[in-house]
Amino acid sequence: LHDALPIYSNLGNALQDLGQLDAAAAGYRRALQIKPDLATAHNNLGNVLKVLGQFDAAEASCRLALALKPEYAEAHNNLGNALKELARLDEAAASYRRALELKPDYAEAHSNLGNTLKGLGQLDAAIASYRRALQLKPDSAEMHYNLGNALLDFGQADGAAASCRRALEIKPDFADAHNILGNALQYLGQIEDAAASHRQALELNPDFAGAHNNLGIDLKILGRFEEAVASYRRA
């Protein structure tokens, strides 16, 4: 039976990579039936459960991983992800910080800590975390976007636009980055360009309510009131 353990664990990993999350969870659970003290399978199961929206179960799986392997940085990071989804932001920040104590060059944990600090309203600290993440992983579109979003909240629209443009160089079909770029351009008074960015976001994601609303604001500023009303209604 133990000969099957790597097969089930590897199967879970492959299914997770393919986005077949229910099947991946089943693979990890089968691995844990064979070897209940396999910390990596508990951690991977927690990660899948978080993506599936089963946040309490994800927390429980990550805590089991950490009970078996307390210095498991990835499990601390995944526990932070579950806690963040449960709106327990102070606890999430503590989990990310523990991950970073164990693995200081863990770019994803720096970025995740930034997201949590932003949620806590600590924008200076969030921006510092995003910048550190990008030092470690400069080609991450998501991290450039996160920095741009925080900079815009901080009122630094030029920096926000630059960060979003860098995200879009890496990932041109990143609808959220087009939307935040549009917001930054709107803030800067470049309304036609803002509308173009919001329209690009909507080409990529027609059901993006926030981008419809933001496009409505652009159109209202431009005096195109009927079109603005249509965008608001769509939002």
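What percentage of the 235 residues in the protein chain is buried? Buried residues make up 48%. Buried means under 20% relative accessible area, exposed means over 50%, and partly exposed is in between, with a 1.4 Å probe and protein chains only.

Some ground rules. This is a predicted model: local features need pLDDT of at least 70, side-chain atom pairs count only at pLDDT 80 or more, and totals for chains, interfaces and linings use all residues. Residues are numbered from 1 along each chain as its sequence is written, and side-chain values use heavy atoms, with hydrogens and water left out.

Now the overall picture. The protein chain has 14 helices and zero strands. Here helices (H or I, at least four residues) and strands (E, at least two) are DSSP runs, numbered from the N terminus. The C-alpha atoms fill a box of roughly 70 × 35 × 30 Å along the principal axes. Take the contacts with a separation of 6 or more: 45% of them join residues 24 or more positions apart. A contact means heavy atoms within 4.5 Å.

Helix α3 covers residues 39–51. Its 13 residues should span 18 Å at 1.5 Å a residue, and its end C-alpha atoms are 19 Å apart, which agrees. The expected span is 1.5 Å times one less than the number of residues. Buried residues of α3 include His42, Asn43 and Asn44. After α3 comes Gly53, with a positive phi near 85°.

Let's move to Gly216. Gly216 sits in helix α13, residues 209–221. Is Gly216 buried or exposed? Gly216 counts as buried because its relative accessibility is 0%. Which residues does Gly216 touch, leaving out those up to four places away in sequence? They are Ala228, Ser231 and Tyr232. Gly216 and Tyr232 are 16 residues apart along the chain, and their C-alpha atoms are separated by 5.6 Å.

Last stop: aromatic rings. The structure holds one aromatic pair. Tyr145 and Phe174 form this pair, and it is tilted, with 5.1 Å centre to centre and 45° between the planes. Why does this pair tie together parts that are 29 residues apart in sequence? Because Tyr145 lies in helix α9 (141–153), while Phe174 lies in the loop between α10 (157–170) and α11 (175–187). For the cut-offs, rings of Phe, Tyr and Trp (its six-membered ring) pair if their centres lie within 6.5 Å; planes under 30 degrees apart are stacked, over 60 edge-to-face, and the rest tilted. Both Tyr145 and Phe174 are buried.
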